[in-house]
Amino acid sequence: MSSNNVVLGRGSGSRIGPGGTPIAQKRLNTSKNVLLKVVILGNGGVGKSCLMNRFVSNHFDQHSFHTIGVEFLNKDLEINGETYTLQIWDTAGQERFKSLRTPFYRGSDVCLLTYAVNDKNSFKDVSMWCKEFLTYADVKEGATFPFILVGNKADIAEEDRQVSKEEAQVWCKENGNPSFIETSAKDATNVELAFRMAVERWTKFEEKMDRHYETEVVDLRSVKPPERVSCCFSANPALSEE
């Protein structure tokens, strides 16, 4: 795809485009694709690579190896007549790869915080991943940033489940109310829906930010210039008569 046909999301570039037009507004006024950088975070083994590969190529490899460093794939997604190009970054979940993955957080538009429903520790570590992302991505609007909480491996037997939906929903209420969904990369349950939710969450965030910027715009035509006073005469008539 030619870069001339792509409009960057906020995280991928400047907030204001040429001529001072907000990027989101430029998107709404054109038929160009929107390029969104989506980062998937979570402990090793929760199925981040499997989610990405299932979404992009509809492929599942039960014996896939842990990601070393980072890797990314692209896929176009059409929502409400708009085409979005998702640049999906899969990051290594092991602590020893922290120095490799964190530089890639910057410029992200959406973050998928991922855990496995049969791994309690991976759920407990979601808060750590959220904090790490906010720190290294240098996100200013942390409370409203488009996070999606993803509980993967929902295909497992109920007796093997360690994290309930209710626990995940409580976490969301306590951490800015991100969207929440359970998925299964193995049988493709809710995988595409998770990425659709990510785009929709970004869209709402973008619209909110645009409304915020509009309230900060100053109309210079409505600003009355200060009264100019001559250096030789006082503005106070009583003083000028002395």
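**A buried residue and some ring neighbours**

Analyst: Let's start with N33, which counts as buried because its relative accessibility is 13% (buried is under 20%, exposed over 50%, partly exposed in between; 1.4 Å probe, protein chains only). This is a predicted model, where local features need pLDDT of at least 70 and side-chain atom pairs 80 or more, while totals for chains, interfaces and linings use all residues. Residues are numbered from 1 along each chain as its sequence is written, and side-chain values use heavy atoms, leaving out hydrogens and water.

N33 belongs to strand β2, residues 33-41 (strands are DSSP E runs of at least two residues, helices H or I runs of at least four, numbered from the N terminus). Its side chain makes a polar contact with the side chain of T85, at 3.4 Å (an N or O pair within 3.5 Å, one able to donate a hydrogen and the other to accept it; sequence neighbours count only if both atoms are side-chain atoms).

Now the rings. Phe, Tyr and Trp rings (six-membered for Trp) pair if their centres lie within 6.5 Å; planes under 30 degrees apart are stacked, over 60 edge-to-face, the rest tilted. That gives 10 aromatic pairs. Take Y105 and F133: their centres are 5.7 Å apart and their planes sit at 40 degrees, so this pair is tilted. Y105 is in the loop between α3 (98-101) and β5 (110-116) and F133 is in helix α5 (residues 126-137), so the pair ties together parts 28 residues apart in sequence. Y105 is buried, at 0% relative accessible area, and F133 is buried at 0% too. Ring pairs link Y105 and F133 with F145, F147 and F205 into a cluster.
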